[in-house]
Amino acid sequence: MKPVRAFAVFWWDFVVGDDWHLAVAVVAGLALCALLAQARVAAWWATPALVLAGLWVSAHRVAAEARARRRGGGAGG
Amino acid sequence: MTAGVVALVAAVFLACCVEMVEATTIVLAIGLTRGWRSGLIGVGVALCVLAVIVAALGPALSLVPISALRLVVGALLLVFGLGWLRSAILRAAGLKSRHDEEKAFRDQRSEAAAVSLAPRAFDAYGFTVCFKGVLLEGLEVAFIVVTFGANQGRILDAALAAAAAVVVVLAAALLVRAPLAKVPENTMKFAVGALLTSFGMFWGTEGAGAAWPGGDAALLVIIPAVLAVALAMVGWLRQVAGRPPAMAQPGAVTAGGA
């Protein structure tokens, strides 16, 4: 099973990268866009909105972790 | 040449430059430490594999219906682009250490020097490191070339842009015979991330069945808008994290995994 697992891990890392939340935001954005388009409602805003929100959340988590580490550790960066 | 084609060529060229700089650092470190023969064979084999991937995937993608192609390609470009953009934003905000080619070169050289080398034998270590380095750095570029090219019916333009980047970076590496530390790699990653994200949004949305106001001209709004949002995030993150911009130097404290 090791080569299969290594193959799967490689493609997961290659496609999904550092933060899986971004991939979820992409899928959610495109899915909402497709649903709205099927309902014949203006849908072009859905992908940018969810994707940029996902980017904001992802970056904010890193900033919050850095801030918490500085406060908790005392020494800081 | 339309704005879309210019953006396509720019995205492929910049992405290829960034990956070529990283691959060149690996090959230089191996070549200068363990000799060039086996490493260059590894480079050649990796380039052949990448050429086969582009040659096989390009025509295959042209058989896929355009809406399905745009949905899948849009999603892939979005995931790649957001990954690049996220890293670039965190680096610019001082929350992640900048990529430092000189440090990467030193690390690679000391690793290579630690592995024993049989005199005049084929150097499997040098071959493997160079093959993997070039293949992994090149795989993302190959995907970008194939997906951009197939979507706009301009695989040749995309391939030429990638080839131009290879020539430019190789020429620079031959001239300086040292890691290309002065290349503004992080700025280029920021631009590539914004371009990939913008094209991903554009094609993904069209593939999902929606129409952009203004059609193709919407790209002229999407690209600057994504750049503006990304730059705003950098400023905001600097305030939230409470770090001065001076922290965004090589060797700064890392966060977020990398």
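Biologist: Where in chain A is Arg40(A) found?

Modeller: First, a word on the source: this is a predicted model, in which local features need pLDDT of at least 70, side-chain atom pairs count only at pLDDT 80 or more, and totals for chains, interfaces and linings use all residues. Residues are numbered from 1 along each chain as its sequence is written, while chains are lettered from A and ligands numbered from 1 in the order in which they are written. Helices (H or I, at least four residues) and strands (E, at least two) are DSSP runs, numbered from the N terminus. Arg40(A) sits in the loop between α2 (20-38) and α3 (46-73) of chain A.

Biologist: Is Arg40(A) buried or exposed?

Modeller: Its backbone has a phi near 60°, a positive value in a residue other than glycine. A residue is buried if 20 or more other C-beta atoms, placed from the backbone, lie within 10 Å of its own, exposed if 12 or fewer, and partly exposed in between. Arg40(A) has 8 C-beta neighbours inside 10 Å, so this residue counts as exposed.

Biologist: Which residues does Val134(B) contact, leaving aside neighbours within four places in sequence?

Modeller: Val134(B) lies in helix α5 (residues 124-152) of chain B, and it is buried because 26 other C-beta atoms are within 10 Å. Counting two residues as in contact if their C-beta atoms, placed from the backbone, lie within 7 Å, the partners of Val134(B) are Ala23(B), Val43(B), Ala46(B) and Leu47(B).

Biologist: Nice. Which helix of chain B gives the largest share of the side that touches chain A?

Modeller: Here 33 residues of chain B are in contact with 29 residues of chain A. On the chain B side, α3 (66-92), α7 (185-207) and α8 (219-241) each supply at least two residues. The largest share, 10 residues, comes from α3(B).

Biologist: Are α3(B) and α8(B) parallel or oblique?

Modeller: Axes are lines fitted to C-alpha atoms, for helices over the stretch in contact, and angles run from 0 to 180 degrees between N-to-C directions. The axes of α3(B) and α8(B) come within 9 Å and cross at roughly 40°. Angles under 35 degrees count as roughly parallel, over 145 as roughly antiparallel, 65 to 115 as roughly perpendicular and the rest as oblique. That makes α3(B), relative to α8(B), oblique.
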